[in-house]
Amino acid sequence: MLLHCNISYTSSFSVISSSLRRQDHPDESQDTVIRRRHNARSLSIYIRHNRDPKLNKNPNESQESFAPPPRRDVDGDDRSKLLELSLVTRRTPQFPGSIYAQSASDADVASSLPSLRKFLGSDDEGESEMEMIVKALEIRRKVTKEIIKESLVRKGRFGITYATNVTDRLGDFVDHVMIEAAALKQLPEFSESRFNLRVRTVIEDSNFVPLVRWLKHHEFSYNRIAKIICMSKGNLDSIRIMIEWLKTIHVKGEFIGVAFLRSGDNILQRSREELDEVVEYLESNGVRRDWMGYVVGRCPELLSFSMDEVKSRVDFFLKMGMNQNDFGTMVYDYPKIIGYFSFEEMEKKINYLKEFGLSTEEVGRLLAFKPHLMGCSIEERWKPLVKYFYYLGIPKEGMRRILVVKPILYCIDLEKTIAPKVRFLQEMGIPNEAIGNMLVKFPSFLTNSLYKKIRPVVIFLLTRAGVTQKNIGKVIAMDPALLGCSIGTKLEPNMRYYVSLGIRFHQLGEMIADFPMLLRYNVDNLRPKYRYLRRTMIRPLQDLIEFPRFFSYSLKRRIIPRHTIMVQNRVNFKLRYMLACTDEEFERRVKEKVERRERFEAGLGSDSEDSQLLDENISDEEFDLTDSLEEEDLA
């Protein structure tokens with residue numbers, strides 16, 4: 001279509017020019033064909049279709065009656081394209097941005113073609129002068145982009161696709177080059193130069209191509225290269241200076257580009273002294289120098305803050321009872337906490353955490369331990385989770401313990417992470433109240449993977465450890481920490497050890513249902529206790545099966561001392577009555593047992609039945625008291 005327009009209107013220009021010359025030179029032969037040197041190709045096509053001008057000429061019509069062909073109506077798109085074609089740099093008579101089609105090679109420039117605006121009928125259509133200037137600027141912008149692309153391809157040795165992608169995103173820089181090229185025309189040495197030459201001069205003086213090559217070498221994508229160059233507002237040297245400074249604080253790789261794009265538009269206008277002052281202040285408050293690159297790369301907003309704002313943000317956390325070490329580790333763990341959130345947002349979240357019964361100092365310690373809490377939304381994360389815990393019967397104190405022990409639970413997704421695990425427990429028959437107690441007792445359960453950790457452990461207990469379907473819910477509710485144990489390194493070795501002692505499969509399941517912690521002990525700590533039970537105490541294996549909690553007590557502090565007292569007093573107790581009581585209660589039982597033995601030896605009778613009844617009345621509170629006394633044997 002463009003070729004058709006060029007041929008059609010070039011032919012019209014030739015006819016108009018020929019007519020004008022015939023009027024100026026009436027004596028010249030009509031058979032002479034005037035060739036326009038800058039339009040040879042179009043004229044050759046015109047002559048091929050008009051081989052004999054004499055045959056096509058009406059003999060009854062005089063030369064004076066010859067008139068140019070009527071003007072053709074051209075729509076807006078075709079008119080713009082025709083105007084652009086008239087400014088192609090290969091045609092000598094035109095220059096980029098011109099609105100006239102003049103030929104400098106003509107003998108008389110005044111004999112040039114009429115203006116394109118008049119030819120296209122702009123006056124009749126009411127097109128304003130400003131619209132023509134805007135069109136000329138758009139064409140000049142396209143020419144500037146082509147020159148920039150050509151510089152990237154020829155001098156930078158970039159591929160055409162890469163050069164095109166970069167150039168298409170350099171809108172502000174293209175305008176800057178156009179303005180600088182127009183300003184060069186005021187200088188004497190460039191007063192007679194063409195626009196293309198001035199554009200190339202501006203590009204070369206700004207070291208644009210070497211800078212693009214250097215940025216690409218530092219792993220910048222063409223999107224980031226274009227954005228950074230546009231941010232510089234023509235001062236390309238500031239980009240290289242800023243990148244070198246970022247390297248001095250250990251910002252590496254792609255985070256250099258992230259620091260540029262997220263630090264604000266004024267980053268290139270800040271002096272190096274101001275930036276050094278910010279870094280030194282953070283370093284004086286616990287942020288180590290080798291951490292600084294990690295912090296700035298992930299929170300580049302720090303570089304856009306004034307020194308007063310940086311101090312106020314640091315003081316905000318130090319007033320919560322943090323020391324410099326806690327502040328430094330907090331910033332390193334979650335760099336966004338120091339520069340991403342507004343003061344109003346941070347105050348609102350801290351006040352919400354205080355509603356759990358935490359003091360300001362406790363909130364400070366909590367944020368130092370898990371600063372990611374500051375990045376969670378109150379409406380989207382915390383309030384739905386609190387409502388869900390309330391549905392499970394967890395009181396406010398339990399929610400506070402979960403927050404302190406496992407604060408990451410207040411940062412994870414409720415529907416995708418927490419709710420599926422709770423439904424899994426409900427499917428095993430565990431009531432909501434028991435589930436709430438489990439979560440308060442072992443909050444880490446909700447951080448374990450359902451399909452990679454929890455389900456495999458449940459399957460292991462049912463198929464390898466002898467736990468029945470009836471007791472599986474009881475086992476999980478009594479010791480939810482089992483669901484966090486490794487099968488290969490903890491559960492499987494323990495199961496094999498108990499089987500090696502001669503304990504049968506169903507007996508092991510009953511032992512685990514009675515004392516689930518049995519599978520979490522270290523086997524190396526179990527062996528000495530078993531040897532002492534069988535070789536020194538000379539007790540049968542059945543005693544261990546009936547009282548698997550035997551392995552929970554310390555050998556040196558509980559088992560050996562009490563067995564020694566029993567031997568000295570020539571008394572004997574079952575393992576349950578020997579170990580599951582306090583020292584005072586044990587001494588009382590030994591004393592009563594000795595008195596009964598002495599009465600029996602004196603022939604005063606036996607109250608074995610009363611003794612047996614007394615032993616059976618031992619409260620379960622004694623067992624609860626000793627369950628956690630000997631946790632040293634846990635892995």
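## Salt bridges and a buried threonine

K145 is partly exposed, its relative accessible area being 26%. The model discussed here is predicted.

Q: Which residue does K145 meet in a salt bridge?
A: The partner is D168, with 3.7 Å from N to O between the side chains.

Q: How many salt bridges does the structure hold?
A: There are 23. One of them joins R588 and E585, whose closest N and O atoms are 1.9 Å apart.

Q: How are R588 and E585 placed in helix α34?
A: They are three residues apart in that helix (residues 583–601), which means a separation of about one helical turn. Salt bridges with shared partners also join E585, R588, R589 and E592 into one network.

Q: Is E585 buried or exposed?
A: E585 counts as buried, at 18% relative accessibility. R588, by contrast, is partly exposed at 33%.

Q: Changing topic, where is T201 found?
A: T201 belongs to helix α10, which covers residues 195–205.

Q: Why does T201 count as buried?
A: Its relative accessibility is 16%, and buried means under 20%.

Q: What does the side chain of T201 reach?
A: It reaches the backbone oxygen of L197 at 2.8 Å. Beyond neighbours within four places in sequence, T201 is in contact with L184 and F190.

Definitions and conventions:
Residues are numbered from 1 along each chain as its sequence is written. This is a predicted model: local features need pLDDT of at least 70, side-chain atom pairs count only at pLDDT 80 or more; totals for chains, interfaces and linings use all residues. Side-chain values use heavy atoms; hydrogens and water are left out. Helices (H or I, at least four residues) and strands (E, at least two) are DSSP runs, numbered from the N terminus. Buried means under 20% relative accessible area, exposed over 50%, partly exposed in between (1.4 Å probe, protein chains only). A polar contact is a pair of N or O atoms within 3.5 Å; within protein, one must be able to donate a hydrogen and the other to accept it, and residues adjacent in sequence count only if both atoms are side-chain atoms. Contact means heavy atoms within 4.5 Å. A salt bridge is a side-chain nitrogen of Lys or Arg within 4 Å of a carboxyl oxygen of Asp or Glu.
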